[in-house]
Structure formats: C-alpha cells, structure tokens
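Subject: Structure for your review, with findings

Dear colleague,

Please find below the structure that I would like to hand over to you. My notes on it come after the model.

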Amino acid sequence: MAGGGDVVVGKHVYGSLYGVKRELLDDEQLLRGLVAEAAREAGMKLVEVKSWKFGGRRGGVSVIALIVESHIALHTWVEYGYATLDVYTCGENSDPWKAFNHIVRALKPLRHTAHYIDRSSEPGH
C-alpha cells in the first residue's frame with residue numbers, strides 16, 4: 001500500500017510472551033476472536049482469520065489473520081506457556097502497536113518482549 005503515492009509505509013511489531021496460562025494458549029476460538037478484535041482496534045481491515053490446533057508435545061495453536069494492510073500471526077506452545085506474536089502493517093492509518101498491546105493485555109504474560117522494525121520503502125522506488 002503506498003503512502004502519499006511514493007512510499008510504502010511498513011510497520012512491523014513482533015515479540016514473545018512468557019508465562020501465559022495454558023488454558024488461554026490452548027483455546028483456539030478465544031485466540032481467533034482475540035486476533036480479530038486486535039485488528040479492529042488497530043484500524044485494520046480484516047479479510048480472513050485462519051487457525052490450526054496442534055496436539056502432542058510442543059502442541060499449541062496458530063492463528064493467522066489476513067488483513068488488507070498485511071497480517072497478524074500468533075503461535076502458541078501450550079506446554080511452555082509461551083507464544084510468539086507478529087503484527088505487520090503497511091499503510092499510514094493502521095497501528096500495529098495497538099494490535100500487539102491488545103493481545104498482550106488479554107493473554108497477561110508474566111513478561112514479554114516487543115520489537116519494532118520500520119519496513120518502509122525508499123522514496124521514489
């Protein structure tokens with residue numbers, strides 16, 4: 001998506017969540033709803049949400065939201081109380097920090113990391 005007609009405004013927030021309650025990390029429907037809510041709260045246009053639940057050792061849930069602006073990906077490992085979260089948007093009107101923080105607040109990890117990368121294009125290219 002071009003911002004101002006001459007540059008792609010790319011904003012990428014990602015991180016890890018530690019010490020999340022297992023019942024939250026294993027609840028596929030809850031996680032799907034949470035990702036959809038986060039997209040709306042961040043001003044993103046949700047296209048579709050897909051999810052998969054994996055059993056066994058290192059099992060968990062993966063939720064991928066396709067948004068017009070790019071994607072939100074949440075992956076959980078129930079046995080470890082661990083999740084990774086990736087929110088990437090292109091466009092000036094969406095806020096990946098709002099989506100990221102919405103999910104973190106809902107999952108209440110004991111601690112988490114958060115990183116930001118500017119993934120914008122160069123002017124004129």
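Conventions

This is a predicted model, in which local features need pLDDT of at least 70 and side-chain atom pairs count only at pLDDT 80 or more, while totals for chains, interfaces and linings use all residues. Residues are numbered from 1 along each chain as its sequence is written, and side-chain values use heavy atoms, with hydrogens and water left out.

Helices (H or I, at least four residues) and strands (E, at least two) are DSSP runs, numbered from the N terminus. Buried means under 20% relative accessible area, exposed over 50%, and partly exposed in between (1.4 Å probe, protein chains only).

Salt bridges

Side chains of opposite charge can pair when their charged atoms come close. A search of the whole structure finds four salt bridges, each defined as a side-chain nitrogen of Lys or Arg within 4 Å of a carboxyl oxygen of Asp or Glu.

Between Asp 26 and Lys 53, the closest N and O atoms are 3.6 Å apart. Asp 26 is partly exposed at 33% relative accessibility, and Lys 53 is partly exposed at 45%.

Arg 105 forms a salt bridge with Glu 41, with 3.3 Å between the closest N and O atoms. Because Arg 105 lies in helix α3 and Glu 41 in helix α2, the pair ties together parts that are 64 residues apart in sequence. Arg 105 counts as exposed, at 52% relative accessibility, whereas Glu 41 counts as partly exposed, at 38%.

Glu 48 pairs with Lys 50 in a salt bridge whose closest N and O atoms are 3.3 Å apart. Glu 48 is partly exposed at 39% relative accessibility, and Lys 50 is partly exposed with a relative accessible area of 42%.

Glu 28 belongs to helix α2 (residues 28-41). The side chain of Glu 28 does make a polar contact with the side chain of Ser 51, at 2.5 Å. A polar contact is a pair of N or O atoms within 3.5 Å; within protein, one must be able to donate a hydrogen and the other to accept it, and residues adjacent in sequence count only if both atoms are side-chain atoms. Beyond its neighbours within four places in sequence, Glu 28 is in contact (heavy atoms within 4.5 Å) with Ser 51, Trp 52, Lys 53 and Val 61.

A buried valine

Val 13 sits in strand β3 (residues 10-18) and is buried, at 0% relative accessibility. Leaving aside neighbours within four places in sequence, the contacts of Val 13 include Leu 85, Val 87, Trp 97, Phe 100 and Tyr 116. Val 13 and Asp 95 are 82 residues apart in sequence and 9.6 Å apart in space, C-alpha to C-alpha.

Two positive phi angles

Most residues other than glycine have a negative phi. Ser 70, which is not a glycine, has a positive phi of about 155°. Ser 70 is placed in strand β6 (residues 70-77) and counts as buried at 18% relative accessibility. Not counting residues up to four places away in sequence, Ser 70 touches Ala 65, Tyr 88 and Thr 89.

Lys 108 also has a positive phi, near 50°. Lys 108 lies in the loop between α3 (96-107) and β8 (111-112) and is exposed, at 64% relative accessibility.

A nonpolar patch

Val 47, Leu 66 and Val 68 make a nonpolar surface patch of about 240 Å². Patches are made of residues with over 30% relative accessible area and no salt bridge, with like charges joined within 9 Å and nonpolar side chains (Val, Leu, Ile, Met, Phe, Trp, Tyr) within 5 Å. Accessible areas come from the Shrake-Rupley method with a 1.4 Å probe, and for residues only the protein chains shown count as cover. Val 47 lies in strand β4 (residues 46-54) and is partly exposed, at 48% relative accessibility.

Yours sincerely
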